Amino acid sequence: PAGCSNPVFLATTVDPVVVEREPNDDGGHAQELSTPCDVSGAFGTPGDQDVYRFRATKGATLRIEVSAERIGSIADPVLAVQKVNEKGEPAELATGDDLPSTADPARFHTGTVDAGVRWTAPEDGPYQVTVSDLYSSQRGDVRLGYRLSIRPERPDFQLFLVPDSADQPDALTLHAGGRAMAYAVASRLDGFPGPIQVEAV
């Protein structure tokens, strides 16, 4: 009755959602996952790192991403993909850090400090993803939330309509019956290679 309340961010996913389960700070306590999945977690204490284990088949290509900045968290995530060995320490196979822009960096910058990697399994077997905050030695808080996504590639694209100016980013407002110059920006996801046709109707 008094008006608007606090805004709440809601994310959507087509994959099963899993909640982080502590303790999962090392390989001996890794949280088992079935992929594809979307994990909701947090770096709750200083030095916190979270380990998730899953199985992959040889030649399978996965997109492994950790979202924090994109969901309003101040965490700066990094990740490592490791091969689980029966004896000895896990072998590091790939690492992920800041993601580059997938669109026009000048007109519509989509680069982020969130982490991600495109990874292909070299053989059948168990693997694990270790996720941590870049500044974990200095901070830890349940508000340092993140979202870990492990999924197959899904080539797609997103379109954004922006003003026709490379150095003055703004929203595009068009009044009824008016005209405006606009620039269509295409963000290609998961290596989408096809042509994109844009038509004003």
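Where is Asn24 found? In this predicted model, for which local features need pLDDT of at least 70 and side-chain atom pairs count only at pLDDT 80 or more, totals for chains, interfaces and linings use all residues. Residues are numbered from 1 along each chain as its sequence is written, and side-chain values rest on heavy atoms, with hydrogens and water left out.

Asn24 is found in the loop between strand E1 (17-19) and E2, where helices (H or I, at least four residues) and strands (E, at least two) are DSSP runs numbered from the N terminus. With a relative accessibility of 0%, Asn24 counts as buried, the classes being buried under 20% relative accessible area, exposed over 50% and partly exposed in between (1.4 Å probe, protein chains only). When residues up to four places away in sequence are not counted, Asn24 touches His29, Gln31, Gln49, Asp50, Val51 and Tyr52, a contact being defined by heavy atoms within 4.5 Å.

The secondary structure of the chain comes to 0 helices and 13 strands. Of these, 5 strands form an open sheet of mixed pairing, in the order E2-E4-E10-E6-E7, two strands being taken as paired if DSSP finds at least two bridges between them. Strand E2 (31-32) and strand E7 (91-96) stand at the edges with a single partner strand each, so one side of each is left without a neighbour in the sheet.

Within this sheet, strand E4 (residues 49-56) pairs with strand E10 (residues 125-133) in the antiparallel sense over 8 bridges; in this pairing, Ala56 has Gly125 of E10 as its bridge partner, while Arg55 stands opposite Pro126 in E10. Strand E6 (residues 77-83) is likewise joined to E10 in an antiparallel arrangement, through 7 bridges, and the bridge partner of Lys83 in E10 is Tyr127. Strand E10 is mostly covered, as 8 of its 9 residues are buried.

For the chain as a whole, 37% of the 201 residues count as buried, and the C-alpha atoms fill a box of roughly 70 × 50 × 30 Å along the principal axes. Among contacts in the chain with a separation of 6 or more, 68% are accounted for by residues 24 or more positions apart. The accessible surface, computed by the Shrake-Rupley method with a 1.4 Å probe, comes to about 12400 Å², of which 52% belongs to carbon and sulfur atoms.
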